[in-house]
Amino acid sequence: MAKSIDVSDLNIYYGDFLAVEGVNMTIRARSVTAFIGPSGCGKSTFLRSLNRMHEVIPGARVEGKVVVDGQSLYGPDIDPVAVRREIGMVFQRPNPFPTMSIYENVLAGSRLNSKRIKKSEADDIVEKSLKGANLWNEVKDRLGKPGMGLSGGQQQRLCIARAIAVEPQVLLMDEPCSALDPISTSAIEDLIHELKSDYTIVIVTHNMQQAARVSDDTGFFNLKAVGEPGHLVEFNPTKKMFSNPDNESTEAYISGRFG
Amino acid sequence: MTVLETPPTAQRDALPLVAPQLPRWAPALALVIAAAGAGILALLLSWGLTGTLLATVLLLALVLPLWSRFVEGGRRAKDRLATILVWSTFGVAMIPLTTLLWQVIDNGAGVLSGQFFSYSMRNVVGEGGGIYHAIVGTLIITLWATAISVPVGVLAAVYLVEYGENRLPARIVTFLVDVMTGIPSIVAGLFAYALFVIFFGPGVRMGFGGSVALAVLMIPIVVRSTEEMLKLVPNELREASYALGVPKWRTITKVVIPTSLGGIITGVTLAIARVAGETAPLLIIAGKTDSVNFNAFAERMQSLPVFIYYSFTQPGVPPQYGQERAWGAALVLIALVMVLNLIARIIGRIFAPSKR
């Protein structure tokens with residue numbers, strides 16, 4: 001149930017400001033694609049444009065095409081809400097709903113849409129999603145407790161469980177480990193490896209080792225200069241990217257000579 | 001023979017972490033000294049209680065910093081002086097509050113009885129009677145005012161925070177809300193009267209008119225407090241909801257408002273408490289009566305503030321009973337507002353997102 005994403009000539013604007021320019025890439029289904037690059041180069045902006053989340057910011061708009069399963073996401077009769085149901089997202093900071101219990105948080109996708117599900121079915125979804133997010137054993141005895149009571153790493157895995165409970169085609173992750181300690185990070189990286197068989201995963205990270213560890217393909221974003229828009233410098237299989245990149249600035253960035 | 005100059009060795013003092021300090025009981029002792037000094041002065045010059053207290057504070061502000069200056073140094077002395085100033089201004093601020101409460105309780109507690117709460121003033125001259133009709137009126141009028149202003153106020157705040165995006169319409173609404181905050185209550189009453197005259201002709205009096213006037217006063221308070229509460233909801237929660245494929249209106253009704261519900265209810269309750277004591281608009285449009293009236297849409301309706309006003313200005317013959325009832329009603333009104341405040345705090349605590 002995973003889909004690939006084709007991006008062609010994508011320009012992303014905030015009002016009049018061109019933030020990301022001319023991105024072309026194909027994100028393969030059932031694989032992990034990582035985006036690396038210095039801060040402010042438009043990785044997150046690009047990621048958010050893949051499920052139309054960046055339009056939430058007033059004035060943000062997009063030119064170009066993002067095609068999933070033969071449909072252009074920015075076509076005139078596309079419903080952004082439907083897009084987000086198929087392309088889920090996990091954010092930088094864990095953001096469980098504070099008014100809901102762990103159980104309700106996992107079911108938030110259907111509960112907030114007032115879908116009626118049988119109790120037994122709901123229990124199954126919660127167990128499956130929490131197991132999928134490697135959190136079940138830690139929380140199975142306190143599903144009724146608030147999600148905010150968990151540790152940061154557990155909260156982030158709860159957010160992943162919440163995202164996969166709606167069974168999206170694609171899972172976008174915006175620096176999912178940047179607020180977590182190494183142990184939680186490793187738990188989430190293991191999880192990404194497991195989820196890869198069912199989902200197309202796109203991850204933004206500042207941690208190059210992480211990109212090398214978890215991803216199959218890597219995209220390197222950079223700014224031409226300060227104030228210029230960000231652009232995709234290189235997009236290649238991760239192995240090639242980290243051993244023999246095509247572009248000089250990629251090599252400089254990866255080897256730590258700048259950024 | 002040459003004299004070799006020994007190079008000056010850089011000598012550092014021991015770390016100056018230890019400094020002399022006044023003992024813990026020093027402020028208490030200084031207070032006793034100041035009080036004694038003021039007492040002697042008061043005896044010599046035959047001052048009253050106020051003068052003695054004032055002299056005590058002044059002497060304390062002189063004695064303690066001076067003592068501290070010689071023992072502890074300038075910085076500590078300034079600290080002591082500032083502490084005395086802060087405490088004494090706090091005391092000054094408490095004076096009106098406590099004397100007001102004391103006066104109302106002292107004058108009003110005597111009249112409270114079962115009869116006072118369960119009788120109206122119908123056909124009562126002199127002793128007896130009660131404020132049942134005024135309590136009923138105040139409750140009904142504020143209830144209707146709340147029913148009008150809460151939907152309008154909360155939805156206006158939702159528009160400002162979630163949809164307005166600080167564009168021109170939103171800025172106009174914000175400006176108007178600011179202007180409305182400053183409307184004198186008598187003007188709100190005149191507005192409600194003028195509005196109802198259009199439909200019911202001149203001389204109209206009804207409780208619902210009072211509710212409209214109070215709603216005019218309540219709406220800006222509700223908008224402001226709700227707006228602040230909605231702004232406190234982190235954007236991350238909205239994005240989390242959008243990312244699950246939840247439409248904006250469901251995100252607002254099921255994530256944003258529940259998250260801030262405690263604060264919104266607190267704000268609404270404080271707004272109710274604020275308008276429950278309004279007199280001027282009710283004087284104009286709700287009128288005055290001695291009878292119980294449960295129907296907000298017909299006839300005059302008594303309320304506590306108006307009852308207090310008339311009982312004090314027209315106490316009847318002999319005047320002492322009317323004045324007693326006015327104090328009693330004032331005490332009930334204060335208690336009512338205080339209870340509302342307490343309820344607001346309790347509700348705010350119940351609905352606040354818990355961590356455990």
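Select Arg61(A) and Glu63(A): the two form a salt bridge, with their closest N and O atoms 3.7 Å apart. A salt bridge here is a side-chain nitrogen of Lys or Arg within 4 Å of a carboxyl oxygen of Asp or Glu. Arg61(A) is partly exposed at 37% relative accessibility, and Glu63(A) is partly exposed at 35%. In these terms buried means under 20% relative accessible area, exposed over 50%, and partly exposed in between (1.4 Å probe, protein chains only).

This is a predicted model, in which local features need pLDDT of at least 70 and side-chain atom pairs count only at pLDDT 80 or more, while totals for chains, interfaces and linings use all residues. Residues are numbered from 1 along each chain as its sequence is written, chains are lettered from A and ligands numbered from 1 in the order in which they are written, and side-chain values use heavy atoms, with hydrogens and water left out.

**Next stop: Glu189(A)**

Stay in chain A and select Glu189(A) with Arg213(A), a salt bridge whose closest N and O atoms are 2.7 Å apart. Glu189(A) sits in helix α8 (residues 182-195) of chain A and Arg213(A) in helix α9 (residues 208-214) of chain A, so the pair ties together parts 24 residues apart in sequence. Helices (H or I, at least four residues) and strands (E, at least two) are DSSP runs, numbered from the N terminus. Is Glu189(A) buried or exposed? Glu189(A) is buried, at a relative accessible area of 7%, whereas Arg213(A) is partly exposed at 46%.

**Chain B: Arg224(B) and Asp178(B)**

Move to chain B and select Arg224(B) and Asp178(B), whose side chains meet in a salt bridge at 2.5 Å, N to O. Arg224(B) belongs to helix α8 (residues 207-232) of chain B and Asp178(B) to helix α6 (residues 168-181) of chain B, so this pair links parts 46 residues apart in sequence. Arg224(B) is partly exposed, with a relative accessible area of 27%, and Asp178(B) is partly exposed, with 40%. Over all chains the count is 23 salt bridges.

**Where the chains meet**

Show both chains and select the contact (heavy atoms within 4.5 Å), which takes 21 residues from chain B and 30 residues from chain A. About 2200 Å² is buried between the two chains, 65% of it on carbon and sulfur atoms. Buried area is the accessible area (1.4 Å probe) that two parts lose on being put together, summed over both.

How many salt bridges are there between chain B and chain A? The count is two. Select Glu236(B) and Arg93(A) to see their side chains meet in a salt bridge at 3.3 Å, N to O. On the side of chain B that touches chain A, the elements giving two or more residues are α9 (235-243) and α10 (248-276) of chain B. The most comes from α9(B), with seven residues.

Select chain A, which has eleven helices and ten strands. Its C-alpha atoms fill a box of roughly 55 × 45 × 30 Å, taken along the principal axes. Of the 259 residues in chain A, 54% are buried. Among contacts in chain A between residues at least 6 apart in sequence, 66% join residues at least 24 apart.
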